[in-house]
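Please read them with the structure open.

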Amino acid sequence: MEHISIRNICKQYGQGESSVKALDNVSLEITKGEVCVILGPSGSGKSTLLNMIGGLDRVDSGTITVDGLEITSLNKKQLTDYRREKLGMVFQAYNLIPELNVIENVKVVKDIAKNPIDENELLSVLGLDKHKTHFPSELSGGQQQRCSIARALVKNPALLLCDELTGALDSASSRDVLSFLEKINEHYDTTIVMITHDERIAGMADRLIRIKDGKVVENTLKKRLKVGELGI
Ligand SMILES: Nc1ncnc2c1ncn2[C@@H]1O[C@H](COP(=O)(O)OP(=O)(O)OP(=O)(O)O)[C@@H](O)[C@H]1O
Ligand SMILES: [Mg+2]
(Lines give C-alpha, C1' and ligand atoms only; values in the text may rest on other atoms or scores of the structure.)
(Ligands and ions follow the chains in the order given, each with its own letter.)
Protein backbone atom coordinates (compact mmCIF):
# COMPACT_ATOMS: atom_id res chain seq x y z
CA MET A 1 0.00 0.00 0.00
CA GLU A 2 1.18 3.48 -0.81
CA HIS A 3 1.53 5.37 2.43
CA ILE A 4 3.00 8.70 1.38
CA SER A 5 2.74 10.23 -2.04
CA ILE A 6 4.67 13.43 -2.71
CA ARG A 7 3.98 15.14 -6.04
CA ASN A 8 6.04 18.01 -7.44
CA ILE A 9 6.50 19.95 -4.22
CA CYS A 10 8.35 23.25 -4.21
CA LYS A 11 9.31 25.47 -1.30
CA GLN A 12 11.19 28.72 -1.48
CA TYR A 13 12.33 30.76 1.50
CA GLY A 14 12.82 34.54 1.21
CA GLN A 15 12.43 36.89 -1.73
CA GLY A 16 14.64 38.16 -4.57
CA GLU A 17 18.41 37.66 -4.51
CA SER A 18 18.56 36.20 -1.03
CA SER A 19 15.86 33.60 -1.75
CA VAL A 20 16.59 29.88 -1.37
CA LYS A 21 14.85 27.08 -3.25
CA ALA A 22 14.77 24.62 -0.34
CA LEU A 23 12.70 22.08 -2.32
CA ASP A 24 12.68 22.11 -6.09
CA ASN A 25 10.00 19.92 -7.66
CA VAL A 26 10.35 16.90 -5.35
CA SER A 27 8.27 13.78 -6.12
CA LEU A 28 8.43 10.59 -4.09
CA GLU A 29 6.36 7.56 -3.10
CA ILE A 30 6.86 5.77 0.20
CA THR A 31 5.13 2.44 0.85
CA LYS A 32 3.44 1.45 4.12
CA GLY A 33 5.93 -0.21 6.46
CA GLU A 34 8.96 1.01 4.58
CA VAL A 35 12.12 2.29 6.24
CA CYS A 36 13.14 5.28 4.13
CA VAL A 37 16.49 6.95 4.80
CA ILE A 38 17.18 10.45 3.48
CA LEU A 39 20.79 11.52 2.97
CA GLY A 40 22.19 14.77 1.67
CA PRO A 41 24.57 17.63 2.44
CA SER A 42 23.79 20.28 5.04
CA GLY A 43 21.28 22.78 3.67
CA SER A 44 20.06 20.45 0.90
CA GLY A 45 16.42 20.52 2.06
CA LYS A 46 16.10 17.36 4.17
CA SER A 47 14.49 18.95 7.24
CA THR A 48 12.28 21.09 5.02
CA LEU A 49 10.97 17.94 3.33
CA LEU A 50 10.35 16.20 6.65
CA ASN A 51 8.56 19.26 8.04
CA MET A 52 6.28 19.27 4.99
CA ILE A 53 5.40 15.58 5.46
CA GLY A 54 4.82 16.35 9.14
CA GLY A 55 2.44 19.18 8.23
CA LEU A 56 4.55 21.73 10.12
CA ASP A 57 5.15 24.01 7.17
CA ARG A 58 3.32 24.80 3.92
CA VAL A 59 4.48 23.91 0.42
CA ASP A 60 4.40 26.65 -2.24
CA SER A 61 3.09 24.16 -4.79
CA GLY A 62 2.58 20.43 -5.23
CA THR A 63 0.72 17.91 -3.06
CA ILE A 64 1.48 15.48 -0.25
CA THR A 65 -0.96 12.65 0.42
CA VAL A 66 -0.69 10.41 3.50
CA ASP A 67 -2.99 7.37 3.77
CA GLY A 68 -5.23 8.88 1.11
CA LEU A 69 -5.47 12.21 2.96
CA GLU A 70 -4.15 15.18 1.01
CA ILE A 71 -2.43 17.01 3.85
CA THR A 72 -1.34 19.94 1.69
CA SER A 73 -4.97 21.07 1.45
CA LEU A 74 -5.86 20.76 5.16
CA ASN A 75 -6.54 23.72 7.43
CA LYS A 76 -4.69 24.29 10.71
CA LYS A 77 -7.13 22.33 12.86
CA GLN A 78 -7.19 19.38 10.43
CA LEU A 79 -3.38 19.37 10.35
CA THR A 80 -3.27 19.19 14.14
CA ASP A 81 -5.62 16.18 14.04
CA TYR A 82 -3.45 14.54 11.37
CA ARG A 83 -0.34 14.99 13.48
CA ARG A 84 -2.05 13.74 16.60
CA GLU A 85 -3.56 10.65 14.99
CA LYS A 86 -0.82 9.46 12.69
CA LEU A 87 2.53 11.02 13.44
CA GLY A 88 5.49 10.59 15.71
CA MET A 89 8.22 13.13 15.11
CA VAL A 90 11.77 13.41 16.44
CA PHE A 91 13.25 16.80 15.64
CA GLN A 92 16.81 17.97 15.12
CA ALA A 93 16.19 20.21 18.14
CA TYR A 94 14.60 18.09 20.80
CA ASN A 95 11.62 20.31 21.64
CA LEU A 96 11.08 18.90 25.12
CA ILE A 97 8.83 20.86 27.47
CA PRO A 98 11.27 22.38 29.99
CA GLU A 99 8.76 22.54 32.87
CA LEU A 100 8.03 18.79 32.67
CA ASN A 101 10.31 15.97 33.76
CA VAL A 102 11.17 12.99 31.52
CA ILE A 103 8.17 10.80 32.28
CA GLU A 104 5.78 13.77 32.15
CA ASN A 105 7.17 14.81 28.76
CA VAL A 106 6.37 11.33 27.47
CA LYS A 107 2.99 11.07 29.16
CA VAL A 108 1.53 14.24 27.65
CA VAL A 109 1.65 12.43 24.32
CA LYS A 110 0.57 9.05 25.67
CA ASP A 111 -2.56 10.53 27.22
CA ILE A 112 -3.97 11.55 23.83
CA ALA A 113 -3.03 8.30 22.02
CA LYS A 114 -5.35 5.45 21.01
CA ASN A 115 -2.90 2.50 21.16
CA PRO A 116 0.01 3.70 23.26
CA ILE A 117 3.10 1.69 24.14
CA ASP A 118 3.90 1.36 27.86
CA GLU A 119 6.03 4.41 28.71
CA ASN A 120 8.04 2.63 31.41
CA GLU A 121 9.11 -0.09 28.99
CA LEU A 122 10.04 2.53 26.43
CA LEU A 123 12.13 4.56 28.88
CA SER A 124 13.82 1.41 30.06
CA VAL A 125 14.77 0.34 26.52
CA LEU A 126 16.07 3.85 25.91
CA GLY A 127 18.22 3.75 29.06
CA LEU A 128 16.31 6.50 30.88
CA ASP A 129 15.13 4.48 33.89
CA LYS A 130 17.22 6.52 36.29
CA HIS A 131 16.25 9.84 34.76
CA LYS A 132 12.46 9.60 34.78
CA THR A 133 12.02 12.45 37.24
CA HIS A 134 14.76 14.67 35.81
CA PHE A 135 13.96 17.84 33.89
CA PRO A 136 15.37 18.46 30.38
CA SER A 137 17.86 21.01 31.79
CA GLU A 138 19.31 18.22 33.96
CA LEU A 139 19.89 15.85 31.02
CA SER A 140 22.79 15.46 28.59
CA GLY A 141 22.16 16.05 24.87
CA GLY A 142 21.93 12.32 24.20
CA GLN A 143 19.51 11.81 27.09
CA GLN A 144 17.31 14.64 25.83
CA GLN A 145 17.36 13.04 22.39
CA ARG A 146 16.33 9.67 23.83
CA CYS A 147 13.51 11.35 25.73
CA SER A 148 12.28 12.94 22.51
CA ILE A 149 12.44 9.52 20.83
CA ALA A 150 10.33 8.03 23.65
CA ARG A 151 7.85 10.85 23.21
CA ALA A 152 7.58 10.22 19.47
CA LEU A 153 7.17 6.46 19.90
CA VAL A 154 4.86 6.25 22.91
CA LYS A 155 1.69 6.74 20.90
CA ASN A 156 2.73 3.96 18.51
CA PRO A 157 2.33 6.14 15.41
CA ALA A 158 1.62 4.79 11.92
CA LEU A 159 4.29 7.14 10.60
CA LEU A 160 7.51 8.05 12.35
CA LEU A 161 9.58 10.99 11.09
CA CYS A 162 13.09 11.35 12.52
CA ASP A 163 15.56 14.14 11.89
CA GLU A 164 19.13 13.14 12.83
CA LEU A 165 17.86 10.60 15.30
CA THR A 166 21.28 9.41 16.44
CA GLY A 167 23.14 12.68 15.92
CA ALA A 168 23.88 13.18 19.61
CA LEU A 169 24.31 9.51 20.57
CA ASP A 170 27.40 7.35 20.98
CA SER A 171 27.71 4.11 18.97
CA ALA A 172 26.22 1.82 21.60
CA SER A 173 23.19 4.07 22.18
CA SER A 174 22.73 4.54 18.42
CA ARG A 175 22.67 0.79 17.93
CA ASP A 176 20.14 0.36 20.77
CA VAL A 177 17.85 3.06 19.42
CA LEU A 178 18.05 1.81 15.83
CA SER A 179 17.41 -1.80 16.93
CA PHE A 180 14.38 -0.59 18.80
CA LEU A 181 13.09 1.18 15.69
CA GLU A 182 13.70 -1.99 13.69
CA LYS A 183 11.64 -3.94 16.20
CA ILE A 184 8.81 -1.37 16.16
CA ASN A 185 8.82 -1.41 12.37
CA GLU A 186 8.66 -5.21 12.19
CA HIS A 187 6.07 -5.52 14.91
CA TYR A 188 3.69 -2.69 13.99
CA ASP A 189 4.52 -2.10 10.29
CA THR A 190 5.36 1.51 11.19
CA THR A 191 6.50 3.56 8.23
CA ILE A 192 9.77 5.26 9.17
CA VAL A 193 11.31 8.22 7.36
CA MET A 194 14.70 9.04 8.76
CA ILE A 195 17.20 11.79 7.94
CA THR A 196 20.83 11.09 8.69
CA HIS A 197 24.38 12.15 7.85
CA ASP A 198 25.62 8.64 8.64
CA GLU A 199 26.02 6.53 5.49
CA ARG A 200 26.15 3.36 7.61
CA ILE A 201 22.57 3.91 8.77
CA ALA A 202 21.49 3.92 5.13
CA GLY A 203 22.11 0.16 5.22
CA MET A 204 18.93 -0.42 7.19
CA ALA A 205 16.78 1.34 4.60
CA ASP A 206 14.37 -0.30 2.17
CA ARG A 207 14.43 2.97 0.26
CA LEU A 208 17.37 5.30 0.00
CA ILE A 209 16.78 8.91 -1.00
CA ARG A 210 19.56 11.37 -1.70
CA ILE A 211 18.79 15.08 -1.85
CA LYS A 212 20.99 17.80 -3.26
CA ASP A 213 20.09 21.49 -3.70
CA GLY A 214 16.44 20.73 -3.03
CA LYS A 215 16.23 17.97 -5.65
CA VAL A 216 15.99 14.19 -5.33
CA VAL A 217 19.15 12.89 -7.03
CA GLU A 218 18.76 9.24 -6.00
CA ASN A 219 15.75 7.09 -5.10
CA THR A 220 16.75 3.45 -4.71
CA LEU A 221 14.82 0.45 -3.46
CA LYS A 222 17.20 -2.06 -1.90
CA LYS A 223 17.46 -5.01 0.41
CA ARG A 224 17.70 -3.87 3.99
CA LEU A 225 20.37 -4.94 6.45
CA LYS A 226 19.74 -5.76 10.09
CA VAL A 227 20.96 -3.09 12.51
CA GLY A 228 23.53 -5.60 13.80
CA GLU A 229 25.08 -5.71 10.33
CA LEU A 230 25.53 -1.97 9.90
CA GLY A 231 28.94 -1.78 11.53
CA ILE A 232 27.90 0.90 14.02
N1 LIG B 1 12.68 29.13 7.94
C2 LIG B 1 13.61 29.34 7.00
N3 LIG B 1 13.84 30.57 6.52
C4 LIG B 1 14.77 30.80 5.56
N5 LIG B 1 15.53 29.83 5.01
C6 LIG B 1 15.35 28.59 5.46
C7 LIG B 1 14.40 28.26 6.48
N8 LIG B 1 14.45 26.93 6.73
C9 LIG B 1 15.39 26.46 5.90
N10 LIG B 1 15.94 27.43 5.14
C11 LIG B 1 16.96 27.25 4.09
O12 LIG B 1 16.53 26.21 3.23
C13 LIG B 1 17.60 25.36 2.88
C14 LIG B 1 17.29 23.93 3.31
O15 LIG B 1 17.29 23.86 4.74
P16 LIG B 1 17.07 22.51 5.54
O17 LIG B 1 16.93 22.87 6.96
O18 LIG B 1 15.94 21.76 4.91
O19 LIG B 1 18.44 21.75 5.25
P20 LIG B 1 18.94 20.31 5.77
O21 LIG B 1 19.19 19.48 4.58
O22 LIG B 1 18.02 19.81 6.81
O23 LIG B 1 20.35 20.71 6.42
P24 LIG B 1 21.08 20.11 7.76
O25 LIG B 1 21.69 18.81 7.34
O26 LIG B 1 22.13 21.15 8.04
O27 LIG B 1 20.08 20.00 8.84
C28 LIG B 1 18.85 25.95 3.54
O29 LIG B 1 19.52 26.73 2.59
C30 LIG B 1 18.29 26.81 4.66
O31 LIG B 1 19.14 27.89 4.92
MG1 LIG C 1 18.18 19.52 8.87
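Predicted model: local features only at pLDDT ≥ 70, side-chain atom pairs only at ≥ 80, totals over all residues.

The points below go from overall fold to ligand shell to core.

1. Fold content. The protein chain holds six helices and 10 strands. Its radius of gyration is 17 Å, close to the 17 Å that the globule rule gives for 232 residues, so the chain is as compact as a globular protein of that length. The C-alpha trace spans about 50 × 40 × 40 Å along its principal axes.

2. Burial and contact range. Buried residues make up 38% of the 232 in the protein chain. Take the contacts between residues at least 6 apart in sequence: 69% of them join residues at least 24 apart.

3. Ligand shell. Which residues are closest to ligand 1? They are Y13, S42, K46, S47 and T48, from a shell of 13 residues. Two elements, β2 (20-31) and α1 (46-53), each supply at least two shell residues. α1 gives the most, with three.

4. Nine of the residues around ligand 1 are polar. Three are nonpolar and one is charged.

5. Core. The largest nonpolar core has 58 residues. Within this core, C36, V37, I38, A150 and V193 touch the most other members. As a rule, nonpolar side chains in soluble globular proteins tend to be buried together.

6. What does A150 touch, leaving out residues up to four places away in sequence? The list is V106, E119, L122, L123, L126 and L128.

Key
Residues numbered from 1 in each chain as written. Chains lettered and ligands numbered in written order. Helix = DSSP H or I, 4+ residues; strand = E, 2+ residues; numbered from the N terminus. Rg over C-alpha atoms; globule rule 2.2 N^0.38 Å. Buried ≥ 20, exposed ≤ 12 C-beta atoms within 10 Å, placed from the backbone. Contact = placed C-beta atoms within 7 Å. Near = placed C-beta within 6 Å. Nonpolar A, V, L, I, M, F, W, Y, C, P; charged D, E, K, R; others polar. Core = buried A, V, L, I, M, F, W, Y, C linked by C-beta atoms within 7 Å.
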